[in-house]
Amino acid sequence: MKKFIVRLVVFLLLPALLMSVPLAALYFSGECLTKIDDQIAANNKYLIGYAYQESNYKYLKWKGLESKPRKDIWALGSSRVLQFREGMFSSSFYNAGFTIESIGDFKPFLEGINSSKYPKTIIISLDQWMFNANWDALEKPQKSKEFWKNSFDFLPTMGILKMTLKDIFKRKYSISAVFQHHESIKIGLQARVNDRGFRNDGSMTEGNDIQKLLKNDPSLEDYGFRNTLNRIELGTSRFETGDTLNTKSLVLLDEFLTFCVKNNIEVIAFLPPFAEPVDKALQTSGKHGYISNIENAVKPILNNHGLEFWNFQHLDLPGTSDLDMIDGFHGGELVHANMLIYMLEHGSTIQKHTQVSLLRHALNQQKNTFEVFSY
């Protein structure tokens, strides 16, 4: 009996010791077992970047809006608005990007925020696939307004522990980088190892990938837009084929805009850009016809509410090119600054919150091709 107990203890102890390695990495990096409320409220400069707990970003943005003083202008949408920066605006600003997936998320997200925090203006990205039923048929119930508030995961799952252990053995994350002391606040494995994550204005830096882009490094996942072009060819991962617009998406957009107008929120909507080879591939595929119908369907809905719509899909903005794209469908900070300049020069009400002179001054001192500001 004694031998059996010893063997059992050894049998249980070995996996426990093995799992202590990823557990320590997750804890000391802040990936798990770390609350972020105090950091958000304090408004210190931070970088929060998760490798496995990306669902926590939704809570990060909700908490950022709830705990900080009210902001005059937001950027709201998917990852395709994340390069709007505080320094691009003369009014107070917060980037609430990475919170919206489906077009049905806009309204419940706002409903989950205290109305005293509502901004004067919201810039929203209407991702092209939001209008494709083959990507999202909009048949599932919409998210609850409590979804973002309750989206923080404090504890790691067994799956995360296993993935972390596997990635450490594969040397994806070096132990020294995980445990290294930083003068600045860095929470999460991506922040600590790759300098990738969210800043305290809600915008995102791609960290080490920016250096790879500057060096034209072929190890990048979407080097030459190959990954995005492959998605288009396969009709997967947001590039599902489709000929007609999903009428449900238009109804949900109208409901969201009605809610905003009722709450005195001005909305400026835009179709985000594709790199030129990606845009061309979508036009010539013969399988993504719905995209060419978006503007004619969406613009009148916004105009009926007295709101603006801008189509930047083709990336034909002065001063921008494919060299300013982070990947096939994410523009860098230069692209976003030039979108604002175009709006200003063509009569947008965004002039309440920024000026051409401010943006030109920032661009004259830009850090590199992809980043306008140093932090």
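Author: In this predicted model, a nonpolar patch is made of residues with over 30% relative accessible area and no salt bridge, whose nonpolar side chains are joined within 5 Å.

Reader: Which residues form a nonpolar patch on the surface?

Author: Val21, Tyr27, Phe28, Ile175 and Phe179 form the patch, and together they have about 460 Å² of accessible area. Helix H1 (2–29) and helix H6 (175–179) each give two or more residues to this patch, and H1 gives the most, with 3 residues.

Reader: Why is Ile175 called partly exposed?

Author: Ile175, which lies in helix H6, has a relative accessible area of 40%. Buried means under 20% and exposed means over 50%. The value for Ile175 lies in between, and therefore the residue is called partly exposed.

Reader: What makes up the lining of the largest pocket, by class of residue?

Author: The lining divides into 17 nonpolar, 16 polar and 15 charged residues. The pocket holds about 1,400 Å³ of space. Of its 48 lining residues, Arg196, Glu206, Glu221, Ile326 and Asp327 are the closest to the centre. Among the elements that give two or more residues to the lining are helix H3 (56–67) and strand E10 (325–327). The largest share, 5 residues, comes from H8.

Reader: Which residues lie nearest the centre of the second largest pocket?

Author: They are Ser102, Asp105, Asp136, Leu138 and Lys140, out of 16 lining residues. This pocket has a volume of about 390 Å³.

Reader: Why do Asp and Lys residues count as charged in such a lining?

Author: Asp, Glu, Lys and Arg form the charged class, so Asp105, Asp136 and Lys140 belong to it. The whole lining of the second largest pocket has 5 nonpolar, 3 polar and 8 charged residues.

Methods:
Residues are numbered from 1 along each chain as its sequence is written. This is a predicted model: local features need pLDDT of at least 70, side-chain atom pairs count only at pLDDT 80 or more; totals for chains, interfaces and linings use all residues. Side-chain values use heavy atoms; hydrogens and water are left out. Patches are made of residues with over 30% relative accessible area and no salt bridge: like charges are joined within 9 Å, nonpolar side chains (Val, Leu, Ile, Met, Phe, Trp, Tyr) within 5 Å. Accessible areas come from the Shrake-Rupley method with a 1.4 Å probe; for residues, only the protein chains shown count as cover. A salt bridge is a side-chain nitrogen of Lys or Arg within 4 Å of a carboxyl oxygen of Asp or Glu. Helices (H or I, at least four residues) and strands (E, at least two) are DSSP runs, numbered from the N terminus. Buried means under 20% relative accessible area, exposed over 50%, partly exposed in between (1.4 Å probe, protein chains only). On a 1 Å grid over the protein atoms alone, a cavity is a set of points where a 1.4 Å probe fits but cannot get out, and a pocket is an open set with protein on both sides within 12 Å along at least five of seven lines; lining residues have an atom within 4 Å of a point. Grid points are joined across faces, edges and corners, and a volume is the space filled by probe spheres set on the points.
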